[in-house]
Amino acid sequence: MKRIFVLFVCLASILSGCSSNGKMEKLNRQAMEEYLEPIRPGYEGKNGYWNRFSLKFIYAPAFDIAPVEGAVSYRFTVTPKDGEGFSLSFNADTPYSPLSPVWDEIPVGNVRLVVEALMADGSATVLFEREFLRDFPFDGPYCEAPRSYSEAVKYAILYVHRMPQVQSWLTQSTPDMSYFLYTYPAKLVSAVINNESMLARMMPQYREECEEICRKCYSFLVSISKGENEPLAFFAPTYYGGLIASANEENFGTTMTMEASKFAEACLNLYKLTDEQEFLDRAVAITRTYGRLQGEDGSFPIKLHWDDGTGVSEAKGLPYPIISLILRFQNEFGIHEFDGMLLKCEAWMKAVPMKTFDLTGQFEDTTIDVESHQNLTHWSAAPYAMYLLGKEDRTAEEFEDAIDLIRFCEDQFVYWDALPSSNGLKSINTPCGYEQYKNEPVKFKGTDEQFRYYSPIDASSANIMLAMARAYEETGDELFYQKAKALADNLVLCQDVWGKIPTIQSGYTTDFWINCQYYTITALLEMERISSMR
């Protein structure tokens, strides 16, 4: 009887695996079909062409190519970048047609596209040439996480708590600059408050230490913040200590507009931990300063002069951090003072970025002096997609915009797999999400040439994963869930034995950004919630 039972269990396991594999094969086919549809192509009229600086595509692209008078049709030819191997061609009526007719036939790799105008006399004129990576499609199943998301979170927050440069707050009132990223205090010192607040709630045995660290960090940030009667009242600075980007002359006397919101978020977390009014009051005061800075059109300068609060340039910042902050006031604290500001943010997003699809980055360590679409990032797309998906009065257009933004994030910033570098090894751990564009080419040790800051970041995986998970909740589309799960599982796979989730998902760099890991653990907790409800 025991042998029969064991045989039954084995057979059930095999049948379950077959069923699971069949389900995943169906999802893979669904993904391949969806990849034939271009993302927000300019010819639709919703926006202009946004992919001039794109390095790779998962979805069939369409390019900004002007028609030629007298052309009877246009020939598209795709070959390997090095010219050796396949050649795929098709004809179309317009030069801006998508590559859909041959997209699923193009092997993964670096390719070259040539578009020719075919004239009535039989001649052909080359109109357009472009090289790019025809990237790996989603192809599940991927490796499973070795532990639950909630367990991974506990290890991660304890890792930060035990860092010497975090423990140092127990004995000193200023940051230990041996952790050089404290040179970005609004972001990184606030991240310590966030981590310690979560640890205190999750594991009360650490609460006393956590509270003391939080209070020291808070006092330090207050000490370097602007006074209540200054243009940037209550703002904590982006730069401090003269290290890395804080030492760049272009950043002297400036601050990134959205960075002060990080301190406001930390204050809200500290208020939830202690119930002390001071912390809520400061978060409100910071947000009121944002209200004074907001233009009538709903926009904000991307970067400010620290002394007078005027914009450094005409460039505008994408207000997703402010949107997230205001939503917390509404949903967690019942504060609706900033609802009008939120509506103005939404109006500007709809009128400008969603029309241009210029979802630009606003990072403290990269220049803001870029051309349109030169420094795109999912950080300006995924959070707004989640905002649109969460609206109670969401329109059909807003739903379509949200899905387009998530597809854009996958297309441009997700790597489901990677080609080997020149040494024969993959330089990144996949599947993962990349951070942003940057037009300055550099060569990292052990890797092929790539764009600076175009790197696989844990929080980037988490951000895109979170947007996909929200799309799954709204649509029930299993493919969204499996894509989110693949990204989440790889984050846990990358976690080391001490609990650290590496910031850069590569074996070639060792930077560790506390704020990135904190965002990642909040996203993993959300994945735990969603997964538990299935």
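Keep in mind that the model is predicted. How confident is the chain? Its mean pLDDT is 92. In 93% of its residues, pLDDT reaches 70 or more.

Two stretches need care. Residues 1-16 stay under 50 in pLDDT. The model gives them 0 contacts beyond four places in sequence. Residues 441-451 are also below 50. That stretch, though, has 25 contacts in the model beyond near neighbours in sequence.

Now to helix α6. Find it at residues 207-224. It has 18 residues. From first C-alpha to last, α6 reaches 26 Å, close to the 26 Å expected at 1.5 Å a residue.

Which residues of α6 are buried? They are C210, E211, I213, C214, C217, Y218, F220, L221 and I224. And what covers them? The cover includes α3, at 149-162, and α4, at 164-167. It also includes α5, at 185-202.

Next, the cysteines. How many disulfides does a search of the whole structure find? The count is 0. Take C143 as one case. Is C143 buried or exposed? It counts as exposed, because its relative accessibility is 57%, over the 50% cut-off.

C345 is another case. It is in no disulfide either, and the nearest cysteine sulfur, that of C409, is 19 Å away. C345 has a relative accessible area of 0%, so it is buried.

Methods. Residues are numbered from 1 along each chain as its sequence is written. This is a predicted model: local features need pLDDT of at least 70, side-chain atom pairs count only at pLDDT 80 or more; totals for chains, interfaces and linings use all residues. Side-chain values use heavy atoms; hydrogens and water are left out. Helices (H or I, at least four residues) and strands (E, at least two) are DSSP runs, numbered from the N terminus. The expected span of a helix is 1.5 Å times one less than its number of residues. Buried means under 20% relative accessible area, exposed over 50%, partly exposed in between (1.4 Å probe, protein chains only). Contact means heavy atoms within 4.5 Å. A disulfide is a pair of cysteine sulfur atoms within 2.5 Å. pLDDT is the predictor's confidence in each residue, from 0 to 100.
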